[in-house]
Every structure is written in C-alpha cells, then in structure tokens.
Amino acid sequence: MVQYQGNSGASGGGEHIHMVTLDKTGKKSFGICIVRGEVKDSPNTKTTGIFIKGIVPDSPAHLCGKLKVGDRILSLNGKDVRHSTEQAVIDLIKEADFKIDLEVQTFDKSEESNKSDSRSNGYMQAMNKFNQEQTPNNNNNNNNNNNMGSMGTNRQPTVRNDPRRNQTFSASQRIKHVPMHYDEDDEDTRDMTGRIRTEAGYEIDRASAGNCKLTKQEKDRDKEQEDEFGYTMAKINKRYNMMKDLRRIEVQRQANVPLGIALAGHKDRQKMACFVAGVDPNGMLANVDVKPGDEIVEVNGNVLKNRCHLNATGMFKNVEGEKLVLITSRRKPNDEGMCVKPIKKFPTAADETKFLFDQFPKARTVKVRKEGFFGIMVIYGKHVEVGNGIFVSDLREGSNAEAAGVKVGDMLLAINQDVTVDSNYDEAAGLLKRAEGVVTMVLLTLKSEESIRADKEAEEKKKEEAKKEEEKPQEPATAEIKPNKKILIEVKVEKKPLGVIVTGGKNNHVKTGCVITHIYPEGALAADNRLKIFDHICDINGKAVHCESLTTLKVHQLFHMTYEKNVNFTVYRADPPELDKFNVEFMKKSGKELGLSLTPNERGCTICDIIQGQYPEIDNKLQRGDIITKFNGDSMEGCTFQVCYALFKGANGKISMEVTRPKPTLRTEAPK
C-alpha cells in the first residue's frame, strides 16, 4: 500500500513524503537495511536521520516497488524516528509484528516531473535517469535543427518505448522472453528496473550486463557466443565501461562445499559495493581468479553494484543451479574502497549438525544423490514424541531417496549444514530445491501412533505388576532394602558382633533417630551386605528405638549386645540422605594431639572415640559417630587409614574440618 502525501518540492527539490506498508507474512524479514546519516540540501544546510542503505531482493521492501536506497524514514508505526538512533529503529522493527507502516521521504528530482515512474530499488537508477534525459521529443529536434545551421544533419532517433507509458512493475512477476525489435543503433532507453528472462530461460536483472544492448557494429565485432545469462565480454565491458580490469569467472558448484569467500562493504558508508575481503584456501573459489580487493558487480545475472554487501550474502545462498558466474573488477592494491583489511585466516569448518545427535540419539545420516529430483515430499506437522517439525510425507517409487533408506514419517533434522528443526515448510522446501549433487540429510525415524500407544499400555501394565509385586510381603531373610520405605530384614549373627557405629540419644546431638555411620568389615552386618551408612534403624527385634528417651550409652548398648542367632531390624533408607554439614576450625599446637580416634570408610573418617580436654572446639562440637569428610580442604572419602593418619598427624597451625552428621526425621512413635 502506498499513499502519497503532497509535500513535493517542500525543500527546494524533488522531495516526496509518502506512506508505505510492508507485510512480511511468509518472509524472514522486511528486507531493508538502515543507517543513520545525513544528506546535504545545499552547501550550507543538511538533513540528518535514518536512511535506507540496502534492499534485499525478493523481500517485501523490494516487491512493493516504492522504496529505494537513499530514502529517509520519518516515522515507523506512527512513532517519529527522525532523531532516533539506528539501534532504536532496529529494535522497533524487531518488536513489530508482521506489518510496519513507514513514513518515507524521497530525495529524487526526477519524481517531481513524473510521479508515475517506477522505483528503481537501487538497480542503476542513475543509468535510467541518464537514458530518459537522452530521449528528446520532436519539438526539441526541430528547434535544434534551426539552431545548429550548418553544424551537421540532425537524425531523428527511434523511440521504442513511450516514456508516458505505465511503468508499474512487480519484482515477483515472471516474464517470458519476447524478441525485442528496435533500431540497433538507438540509445538504450529501456526500463532497467525489475527482472527479465534470457533466451536460455534464466531470470536476470534488467540492469544486468546480460541484458546490455549492443549496436550493430559492436555485434559484428563480438564473435563470442552468449552464455545462459546473456553474458559476453563485449556486453560486460560496455555495461561497466567505467570500471577497471573486468573479469568473468565461472565455477561449477560442488555439493556440501562452501564458496569460501568473505565479503565486505565500501570504506565510504555513503557508497554501496560488494568486495571480496578474503578467499578461504579450502573453499570452492580457492583455485579461480578471485583475489581480496576484487569488487563483485554481478552473480548469475543479479546486479550487486551499488548494493549493500549484506544483501549479496543472501543472494549467493539463493542462487540456483550448479553453475556460478561472477563478474568482478580488479582494483590496484593502493586503490581505496574496501572497508577492512584483507582476511588471511579463516576458521576451521565446524559441523553445524553435530548437536543434533546429542539432542536426538537415534538420528542417522543419509546421503542421497539428486539427479533432477529427490523423490521426496515433505510437510510441516506435529508428532507426539518431538512436537512440531518437517516430516517426509511421501516417496517416489524407485527414487534415490527410497534406495538410500529414507522412510515416510521420518523427521527431517538437517539438509547438508542447514538445520531444519525450527524451519517452516517454505524454508525446508527451498533448501531441498537448491541442494545439488550428493545431499547429506540428518533424519530421525519415529514410531507410529499405534506403536506409541501399544508401548504406553505395556509400560502401564508393567508398572501395575511391579506395584503388586511390591505389595507382596517379603521374606525378611532376603528382603531388599528399597529407598524411602520401611523394610523388615533378618540378619544372621550367631553370637557374632554386629560391627557397627551408630549415633543417637537424648543427650546426643542427634535426638530424632538411630543412624548407622560406620560398618566394620569384620562384623555380622558387613557379612549380610544389606545395610549401608546413613540407614535409619527404627526398631530392633520388634522394639522401637526411642532416641528421644534413651541415653546415648543405652542406644550404643543395643548394638553391642551378643545375639544368639538372628536379629530383626526395621530399616528406613532416605533418598536423598538426611544430613547436616558444618565446619570446625581451631589452632593445633605442635606436639599436641587432636584427641580423636578415627576409622575410615567410603564416606570419610568416622569418629569412634574422643579424648576430652584436648581442644575445646572438638569437645563442644564433635561427638562419636560424626564423619569428617574434608580436612584442610582435602576430601577424606575413600581414603585409607594410613593416608588419614598422615594427614591428621602432620597437620599444625590452623585446622579446618568439614563434618557430616545424620539428621533423620522422627519415624518412631513416642512410648506410652
């Protein structure tokens, strides 16, 4: 939508203010590149603001036909941006939904005389303006004849196109090649905006050298056969006659091999150009006549001259076919132009699809040779296992894809190095269409809905059976201790010591339960091999262990009694373990012992006895059954007795110990 508002000539020239609405539905972006700059209205005045510095081909900004490089943006979605920063305007565009309303000021004197002229979108507008000025009318010719006198004979040029014709053009139109009949010695006054097809059927820009008009004499001298894009060196030299050392470079594109070039813009931000900043020695262009500093003016009939180098990157990706034809201009080393120094080092190629195999362990790689077609149809859909994505909906019988192992229902995760996990249908279909040669795809075979339903039912049935199995009473002599459940076990002792250190009691730091903190390897509990450190003993032989009413000594005596044959324990194994950790720090004097008797285990060193009166910090904070897990920052877990003894014996000065102490939940009823 374009609505002109009358402000023509408001600032002493062809300035027009109009509204443009851009809709990017189905597109990645609106297709405009902006920069903050200034325009000189006169030698003493200038206008600053946000200007359009580039327009992406086939984008909403290009297809609307009403924007061009150099336009000034006055407002965006009703917000005045004349004094805004470049980043602020970019943020406004990002925050917008699928539509933006732009108030645009155009600095173009040619529009003052003819508002119906097409907008050039940066495609050699100056050339069109020059050509239009070279189209005189009959009245001017007659006047010239009278004024010239004997200076020469005036020739009436043949005008092929009426300058008053309707020049509205949509960049999305596809025009079949139509033979053009005109006087071959005429000046080229054709409209250079939009696209046209060559005789070979390839679509190129009208401003391309492939569409350049040669005179009859030039054609006679040009013995070269036009290629599929209409190129000959005679056309190229005429089209870009002001540029130096023009070259045409042809490259056969290889599947899965990057071009290997870095692009840069012009040093002067007011000028648009696309320079080769560097050539990767491992890339496709390493063995052709392309050097850093070369300016790329065209690629496959797409004009890059006077365009932003950022637009060129997208154009290279979207070029179809196996053949790549570049038109370059080689500048001298001391010529200024490129905004950066030549790049000599390129990063090593990274596999952009590697993370997919971590995210989807069952993903697989399939290589398919594309011979005209893939034989694959894809859709955008949803699967219960992975959610939304691109899926193979159909296969052509006997195709290379079918032979390679592609299956209907497979999820398409990547095409070559392009990940398609978050792609929409148009993006994925475009990647498949542009892929050439041997194409590497990452696929994930998913289960059908019937199979998933059957697996779910089987899993639920298995859980029910396991639940029933758990509800069955277990034999105490063989019962397995399961986390977070009270389990009754029977241990065969036959007058053998239990071999255990426990903590708990009413005069103890642990008053809510009796917990094992060490198991001696020679005892009966170690031989049974079911109890572990931090297991909570709720009762012994059916008698509850009430730590809140029993002294520490009586609790210890329960585990140091001699039992005749068997002992029954009710055990609760908390997961995660119920623990309390704290630090003890003090100064150790040389030659003075710590007064601790220790026994190592897999958790650290358990205190089995304390000699009172050595250090107040130990007497007040530590007790029998505490586990020292760290000593001066060194972990004690799994250390041997010799290592522990050496650490404690050799330490002097400041001592820091990390201590772990059980903190069980009360699980026994108070005695009546």
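I began with Asn416, which lies in the loop between strand 19 (411–415) and strand 20 (418–419). I took helices (H or I, at least four residues) and strands (E, at least two) as DSSP runs, numbered from the N terminus.

The model is predicted, so I noted its limits: local features need pLDDT of at least 70, side-chain atom pairs count only at pLDDT 80 or more, and totals for chains, interfaces and linings use all residues. Residues are numbered from 1 along each chain as its sequence is written, and side-chain values use heavy atoms, with hydrogens and water left out.

**Backbone entries**

I looked up phi of Asn416 and found a value near 55 degrees, positive in a residue other than glycine. Is Asn416 buried or exposed? Asn416 is buried, at a relative accessible area of 18%. My cut-offs: buried is under 20% relative accessible area, exposed is over 50%, and partly exposed lies in between (1.4 Å probe, protein chains only).

Lys495 also has a positive phi, near 65 degrees. I placed Lys495 in the loop between strand 22 (486–492) and strand 23 (500–503). Lys495 is exposed, with 52% relative accessible area. Most residues other than glycine have a negative phi, and most peptide bonds are trans.

Which two residues does a cis peptide bond join? I found Asp575 and Pro576, with omega about 5 degrees. Pro576 sits in the loop between strand 27 (566–572) and strand 28 (579–588).

**Salt bridge entries**

I counted a salt bridge when a side-chain nitrogen of Lys or Arg is within 4 Å of a carboxyl oxygen of Asp or Glu. How many salt bridges does the structure hold? It holds 25.

I looked at Asp227 and Arg248, whose side chains meet in a salt bridge at 3.9 Å, N to O. Asp227 is in the loop between helix 6 (216–221) and helix 7 (233–239), and Arg248 is in strand 10 (residues 246–252), so the pair ties together parts 21 residues apart in sequence. Asp227 is buried at 14% relative accessibility, while Arg248 is partly exposed at 25%.

Next came Glu459 and Lys463, a salt bridge with its closest N and O atoms 4.0 Å apart. The two residues are 4 apart in helix 12, so about one helical turn separates them. Glu459 is partly exposed at 45% relative accessibility, and Lys463 is exposed at 57%.

I then checked Asp528 and Arg530, which form a salt bridge at 2.8 Å, N to O. Asp528 is partly exposed, with 23% relative accessible area; Arg530 is buried at 14%. Elsewhere, salt bridges that share partners link Asp245, Arg247, Asp289, Asp294 and Arg330 into one network.

**Surface entry**

I found Glu457, Glu460, Glu464 and Glu465 gathered in a patch of negative charge on the surface. Such a patch takes residues with over 30% relative accessible area and no salt bridge, and joins like charges within 9 Å. Asp and Glu count as negative, and the place of a Glu charge is taken as CD. Glu465 belongs to helix 12 (residues 449–471).

**Whole-protein entries**

I noted 16 helices and 33 strands. Of the 672 residues, 43% count as buried. The accessible surface comes to about 37,700 Å², and 48% of it belongs to carbon and sulfur atoms. Those areas come from the Shrake-Rupley method with a 1.4 Å probe.

Key: Patches are made of residues with over 30% relative accessible area and no salt bridge: like charges are joined within 9 Å, nonpolar side chains (Val, Leu, Ile, Met, Phe, Trp, Tyr) within 5 Å.
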